[in-house]
Amino acid sequence: MTHRAFSLERQLLLRLSAIFLGSFLLFGVVYLFLIKNDAQFHALEEVGERAASIGQHIHRTADGGFTFNAATRRMMARQTRGAGIAAIALPSNRLVAGSSAGLLPALLNSPADAVLNSRISLVEDGLTVRTVQTVHHDGQAFRIILQMPMSREQIEILGLTDEFTQEIIPCFLPALTLAILVTWLTLRRRLRPLRRASAEAARVSVDAPGQRVGTDEIASEVLPLIHAVNQALARLEADVAAQRRFAANAAHELRTPLAVLRARVEGLPPGEARQFLERDIDRMSRAVAQMLLTARVQSRQVGEMAPLALVPLVREVLADLVPLADQTRRQLMLEVISQPVVRGNEAALNSAVRNLVENALRFTPPGDCVRVQVGPGATITVEDHGPGVSDEDKARIFQPFWRAEAPHAGGAGLGLAIVSGVMALHDGRVTVEDVPGGGARFVLSLTLTADTRPMPRPVPA
Amino acid sequence: MRLLVVEDEPELGRLLLANLARLGLSADLATDVATAADFVSAGGYDLVLLDQRLPDGNGLDLLRRLRAKRNETPVIVVSAADAVQDRVAGLHGGADDYIVKPFALDELVARIRAVLRRPGRALGVELALGNVRFNCVSCAVEIDARPVLLPRRELAALEALMRADGRVITRETLEDAIYAMNEERQSNVLESSVSRLRRRLAGEGATIEIRVVRGVGYRLVATTAAAAPDMAADP
Ligand SMILES: Nc1ncnc2c1ncn2[C@@H]1O[C@H](COP(=O)(O)OP(=O)(O)O)[C@@H](O)[C@H]1O
Ligand SMILES: [Mg+2]
């Protein structure tokens, strides 16, 4: 099960923005409810504005009369029951244009003060608004009488849009924008130290002791976490240092008495007893060396990494092992396919190759030749014709202390664990496969560095 | 031939001296950095066997001090740590070789011999294997007491192989030996020089032979059971 990470910044920003926006809308609704009583005022205002606009758009016709413009005429055509419009020229008080003929006489025949006053009358599902506006246009004064029925909804929407566009939005939108902006900036600013702390925490490694997570500008709620992490780091570092010291001391304290023992046995007169003792000491020395090396590799404690040419490195290892091959009546040969250069630690890679070749010399039958190959690419292959490694053993031979056979003078079952540890330190891999016809083939795969020359040199027959 | 053994573990120091003496190598013992420094500056040692952890300091510091004072006495560093980290530090500090405790006496003597056979060192003047003798100063080669003239590259190859004292010498090292500095390298020069040298040795009746380790390098082996030259008998 994977846990989907969420962004605190995103979440806070979204939620706070939603709260701001929600309360803004809520406020608007409450406000509208409160101003509902102003509806008649808004209706009158709206109709009055329309009447004024109509008056502004009266044309003089060719025959000297007057007419409404096209928009007004379209509006008149759509007129509903109870609506009417009339334009009266002043001061002659003559009707020059009008609609809703049935209504006009009633309008015109109303008492003068009634005509001349704007009026709102309540009808069962809304209002009927009549407005009278005097407009000067085109050198002529008109009185425009406009009567419009309006439904409740129309009036409410009118009030809403008016209030929103004229009062609420101009006042609250900047406040809303500012609130969201400030929230976002604050979040970003306060979370930046956390991002920095994460980057610092990512640099922590046993190879970089002393790396801590900084507490500058960290929020007080997070500070305890950072302190706890730093304390854990300090404890771990002390543990690693103690372990490394232990390994170094163990190396010294084990190797020195072994060296004394060895020197003492070598002072004995030659004979069978001395031979056996020397062999036992060899075996013990090897086991000690392999254990210390394992401890080192596992605590990632190897020396500096540098560009390394693999062919000379493998040649040195093989040249060193020729006496062992002679002793055990096996041969060694190297085939050079490429001249890879990798970034690595010479001594560590040296012991990885040595362990593989020592195993191969042990398992391949006497008189046989162990074939080592460098390339293609940054690979080193060691091949023997021994019993090979069964499929079920292929995974576990790399575990420390694992061995298929009874203990022998070879070692403590740590060789391949060292090989795979060294490969891990180099971001490489060790694999084992079968050789057709019997035998094991171990392959070390590393990463080429840029300065590798592809040119293979001719190899002597 | 005189060695200085710097070792603070008294039992080990005593046993080493006794074992070396049985092989005809005389050695003195110093148990700390200060004494060792006094002994070395008094001079007269052909080689120093230097332990690393000493009661009054690290052997590598003494080594650096010696090299800073242009004292080129050969030094083999002995360490009780493992090789992963320290080998490089030892060799970069100016050591001629490096050996890890516990070591076999044979191994130690082989390394001492190899270091002393380098050019200009105690055993680096007159090299001998089988019936072949090589004088490194005059570059004179004698096979079965008869002088033999060799071309430059074959001479250089023979010298390098004889200094290696039976150990395998890698192609890279041998190539470095047969080319003059800045000389352009060509493929197959190494192989042809070695095979000409091998034919010549056989033709002159030498009791040594160049063996190939395929792809790795070359080594000299004595074909007759000629006694190994006694180190202590060398000048
Ligand atoms: N080349 C090989 N052929 C067959 N089996 C091998 C080979 N190399 C290693 N093994 C198996 O893997 C085991 C572990 O090897 P290693 O870790 O080197 O320990 P050791 O050499 O001390 O036994 C060996 O005991 C052996 O059983
Ligand atoms: Mg092994």
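Residues are numbered from 1 along each chain as its sequence is written, while chains are lettered from A and ligands numbered from 1 in the order in which they are written. Because the model is predicted, local features need pLDDT of at least 70, side-chain atom pairs count only at pLDDT 80 or more, and totals for chains, interfaces and linings use all residues; side-chain values use heavy atoms, with hydrogens and water left out.

**View 1. Polar contacts of ligand 1 in chain A.** Here we look at polar contacts, meaning pairs of N or O atoms within 3.5 Å. The side chain of Asp384(A) places a polar atom 2.7 Å from a nitrogen atom of ligand 1. From the backbone, a polar atom of Gly413(A) is 2.7 Å from an oxygen atom of the ligand.

View 2. Helices (H or I, at least four residues) and strands (E, at least two) are DSSP runs, numbered from the N terminus.

View 3. Five of the six residues of S14(A) are buried, that is, under 20% relative accessible area with a 1.4 Å probe and protein chains only. Strands count as paired if DSSP finds at least two bridges between them. S12 (residues 379-383) of chain A runs antiparallel to S14(A), joined by five bridges, with Ile380(A) opposite Leu444(A). S13 (residues 429-434) of chain A is also antiparallel to S14(A), over six bridges, and Arg429(A) has Ser445(A) as its bridge partner. Five residues lie between S13(A) and S14(A) in their hairpin, where Gly437(A) in the turn has a positive phi of about 90°.

**View 4. An open sheet in chain B.** Four strands follow the order S8-S9-S10-S11 with antiparallel pairing. At the edges, S8 (126-129) and S11 (146-148) each pair on one side only. S10 (residues 140-143) and S11(B) share three bridges, and Ile143(B) stands opposite Arg146(B).

Terms used:
Polar contact = N/O pair within 3.5 Å; in protein donor to acceptor, adjacent residues only side chain to side chain. Buried < 20%, exposed > 50% of the residue type's maximum accessible area, 1.4 Å probe, protein only.
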